[in-house]
Structure formats: structure tokens, C-alpha cells
Amino acid sequence: MAYSRHRNQATWTDRAVGWVFAISAFLHHLAGAAIRLLLAGLAWLLRPLPWSCRFGLMATLLAVTSLLVGRHGYEWGVRAASLQAEHLKILRQHELLQSFEHLLVLFQIVGWLCFFAALMAFVRRRFSSYLLKTAGAAFLVAWCWLVAFIVRVPGLIHAIDKELLPIWERDTLWLQGVAIWLPWAGAAIAFLLSLTLGTVYRYYHRPVAARPPLGDRVVADLRTHGGDRRFRTSFYWAAFGHLFVLFILPLLNRGCMQDPYGIPKGDGMEVQQVVEVKRVKKQDEMVLNLNSPILIYRPKIDESKIFDEVDKITENQYQATSLKSLGKGGGKGGGWPHGMENAMVRFIRLKYGGGDWDQQMGKGADHNLLVQFKKHTGFKIASDTEAIEIHLLRRYPAHRAPPFVFITGSGNISISSTEARILRWYALEEGGLIFADNGGGNFNSSFRRMMSQVFPDKEWVDIASDDIIYQQPFLFPNGAPPMWQHSGSRALGLKHNGRWIVFYHQGDLNDAWQTGHSGITEGKADLAYKMGINVINYAFNAYYTLHYGE
């Protein structure tokens, strides 16, 4: 009886294994059929074109790629690898940057050579085929030189300072760099192999020897899978599996990552704006200071004379005479020493469920703030604003998340418990600032409810008028300009370890940033822009200090 149960168990195990192998075999044949169909479709598209057009297109592609790498290779490499000032210093000391500049010059030479070869591809002479081979070989040599840098640079930095570039980050740079390099190397090899086909020899008026040319032999071998078809097929799939796991998968994973947010690089210094204080004539009637700790009488919102007077005083109280650089580290140029080369200041808004998260978004609205930021600071800015879902905050590279994210609207806000945990991680551990702006409607109650879900242990506090966020780079002696005061005239905040993690303006700054400023004066709109610049500057400084301790 026991033997029968054991035999029955073994039977079910064998069947399960058989099903697994059957499904694997089906997927194997399906993938193979898809690849063959893709190659057949590509061949069908190219078949009507003569060889001159085919080589002209391929050489043009190699030319454009080479010229772009030669022109933007340094900028792209620094940005893709998130190289910091310390990394570049090491590379400069070992003369790798100088060697890389020589490589970029080579790429430009190869680019023009490929472009000339693309033109000569339409001339059916033996010289044209030689020129095409020379251009393809030169491209492959330059590309092999490039992969040498891709492999050497992370290894050198890690060998010198393991804390500056941990081993996992070194390996990631290797895999992602080779994954980007591999398709172009394959394209160059395919280009050169095509030039050795017998039909190409005859097309460019070259005789074919009795023995089939190299290209014909390779193509025939690929089609027939050689003498041992099973071994060759297994070899192909093993090679493809290793390429997929080592290179293609990391590249796809990188495609799922968010573009790193770079704080502008430089050697700027923290400064306060130089101001001229205009004395305001004392009024005969008594005006109460609403921010005083002693309140005898609190006027209603409708009693707007006092608020109008406060706005008038705030608007005319100072004028800028000079604005120096933004950043840390000393020197004349703006920026932060550990920032990224050619970084653009970006304005990123949070998407959420249940309401109008995209209220007044984009050109003619919150992008105007970026335009003003560039006007006052000189930093590069993004061409438009962005919006991301909350869970994507986890997809940014280490130390390259947005220093601030913006949230506004006038309706309800609904987030999941997972999104709440991510927001809490972003603010407390990653060091980001949640820049909130009340757009009216139900936003105040919804946002406060959302913040209690994210930070149940935090209490709202009034941001004092002498807080650093109101002093750099522009001075706001009375705190944030109140604007429309949907839920109050004062900016509120949540704090963690002495750092603001939420800045909540209750008066719709975003409305004032619009083109036309929703009917308010240019002076008040200017205050709204400058308040936004102050918040961005504070977020950059706080994020930088948390990650780099400066």
C-alpha cells in the first residue's frame, strides 16, 4: 500500500516536471518564431532597396551617432554616471579626462568619415566599398576605445575611494554602460559583415573568388545552425540568456528609473539679499499686529482694510539692489560643490487621486516660476514642469531625488497607505520638502488629513517671520505674503530634526504665478515668485546638507 502511494506520488511529480518542460519548450519555440519573424520582416522592408541605399542609411546612422557623441559625450557621460566633483578630480589626476577629450575628437573625425562614406555608397566603384569598410572599422575602433573608458572609470574611482563609489554602484555603472554600448558595437559588426557578402562584392564591381566570401559563409552557418543543430541552438539561447540578464535587463530597469534630479554644480555662497528699507509713515489710527503673541481683537476676514494695509506695507517695504550667487562652498559662481554638471532646475508636481492635482500646471502657470528663477539666479531650467505619481519617488537614484515636490489643487486628495509610507520616507530619510499650496475649495481639509496620514506624530506650527526660509535669497520681514488667504494668512509647516519637511502656503501662490496673475498687481505677483524661489533655495540647501554634511 505504501509502495502504491509512493508510486502515485512519483507519477504526479513526473507529470509536473513534464508540464514545466512542455511549457518551457513552447515558450522557446514561440520566442524563436518571433525572432525569425522579426528578421524576416526587416529583410522584407530592406529587399526593395538597392545596396547603395542600405549602406547609405547605415553609414548615415553611424555618422550621426559619432558626431553626437563627439559633441555631447562628456556632458552625457557625466550625467548618466552621476559623476560628482570628487569623481572628476580623480579622473583629472590620472589624465583620463584628457584622454577622453582625445576620444571625442576621434568620434568627430569618424563621424565625418562615415558621412562621406554614406555619400560615396551611391557610387558603384571598388573605392566605395573600401571606404565603407574603413568607416565601419573606424567606428568600431572608436566604440571599443569608449568601452575601455566605461570599464576603467568606475573601477579606478572604486579602487581609490571605496566610500566615494561603492562596489554595487561600480558594478551598476559597468553593466549599464556596456548595455548602452553593446547595440552600437553590434550595428558596426553587422555593417562590416554585410560588406563582405558576395552580392555586395559584385554590386561594387569587384570579382568574387572561387571560395564563398566571409559574409556568405557566416550567413549560411547562421541559417543552417552548422553540423550539430541542437548544440548550436542551445548555444544561441544560452548566449542570449546571459546577454539579457547581464545587459538588457539592467538597461530595461534603468528605463524604469526616473531621471536623476541634479542640483546645479558650482562654488556659490549663501547670501542674503541687500535691501533698502522704506520707512512707512505712521498712521494716526491704531493698527494691530496680527502676529503678536498678545491679541486683544482679531478682525474677521471681511474686515480687509488691515490686510490691505499689511499687503501694501509688505509690497513696498523693500527693493532689491543686488542678488549674489545661490549655493554653498564660497566663491563667485552659484551652485553647490557636489552638484551635477549642466543640471537643470526642475519643477516636479505630485499626482494624487480624487482631485485636480494638475490645477494651473505647465506653461503660462507654474513654469513661470522657473522662468523667474532663471532670471534671478542664472541657473538652467527645464523647458516645462513635470508631474509624477507618488510611488515614483522611490525610482530616483541615491542622492538624486527631487529636493522638493509641489502639491496643490482645490478638491479632495486620496492616497494609499503605501503612498503615505513613500512620502514619509521621502521627507524624513531622503530629505525632500513637500511644497504645498492651497488652491481653494476642499484642499485645506484634504491636505491636512493627508499629512496626518503621512506624519501622524507631527504637529503644524506657524513658520516664524524670522525663519531662514524668509531670508535667503529674498528678505520677507513679515513672513510669507498672504495672497488670497483661502485658509489663513500665515504659512504653516511640519518640522523634523530642525528641518522643514512641509511648507504649506495657504494663499494660492500658484494662482499668482499665472500669466496675468489672476488680477493681482505685478508687485504682489513678484512677491509670489520670490517666495517660491526662497522655498526652492531652502529645499536645495537642506537636501544638500543632509546628504553631504555641508
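I started in helix 15, where Lys-530 and Asp-526 both sit, four residues apart, about one turn of the helix. Helices here are DSSP runs of H or I with at least four residues, strands are E runs of at least two, and both are numbered from the N terminus. The two side chains form a salt bridge, with the closest N and O atoms 2.9 Å apart. My cut-off for that term: a side-chain nitrogen of Lys or Arg within 4 Å of a carboxyl oxygen of Asp or Glu. Lys-530 counts as buried because its relative accessibility is 9%, while Asp-526 is partly exposed at 25%. (Buried is under 20% relative accessible area, exposed is over 50%, partly exposed is in between, with a 1.4 Å probe and protein chains only.)

Ground rules before I go on: this is a predicted model, where local features need pLDDT of at least 70 and side-chain atom pairs count only at pLDDT 80 or more, while totals for chains, interfaces and linings use all residues. Residues are numbered from 1 along each chain as its sequence is written, and side-chain values use heavy atoms, leaving out hydrogens and water.

How many salt bridges does a search of the whole structure find? I got five. I looked at another one, Asp-462 with Arg-490, at 3.0 Å from N to O. This pair links distant parts of the chain, 28 residues apart: Asp-462 is in strand 7, and Arg-490 is in the loop between strand 7 and strand 8 (492-496). Asp-462 is partly exposed at 39%, but Arg-490 is buried at 14%.

Then I checked Asp-457 and Arg-424, whose closest N and O atoms are 3.2 Å apart in a salt bridge. They are 33 residues apart, with Asp-457 in the loop between helix 13 (443-454) and strand 7 (461-462) and Arg-424 in helix 12 (residues 417-428). Asp-457 is partly exposed at 48%, and so is Arg-424 at 26%.

Next, the cores. I counted a nonpolar core as a set of buried Ala, Val, Leu, Ile, Met, Phe, Trp, Tyr and Cys residues joined through side-chain atoms within 4.5 Å. The largest has 77 residues, and Phe-447, Phe-455 and Phe-503 touch the most other members. Helix 15 (residues 522-548) gives the largest share of this core, 15 residues. A second, separate core has 51 residues, including Leu-97 and Leu-132. Beyond four places in sequence, Phe-503 touches, among others, Leu-433, Tyr-470, Met-531 and Val-535; contact means heavy atoms within 4.5 Å.

Which residues form a nonpolar patch on the surface? Trp-112, Phe-115, Phe-116, Leu-119 and Phe-127 do, with about 560 Å² of accessible area together. Patch members have over 30% relative accessible area and no salt bridge; nonpolar side chains (Val, Leu, Ile, Met, Phe, Trp, Tyr) are joined within 5 Å, like charges within 9 Å. Areas are Shrake-Rupley with a 1.4 Å probe, and for residues only the protein chains shown count as cover. Helix 4 (residues 96-120) supplies four residues, the largest share.

Last, confidence. pLDDT is the predictor's confidence in each residue, from 0 to 100. The chain mean is 81, and 82% of residues reach 70 or more. Strand 2 is lowest, at a mean of 39, and strand 9 (residues 499-505) is highest, at 97. I noted that pLDDT is below 50 over residues 271-307, and under 50 over residues 313-322 as well.
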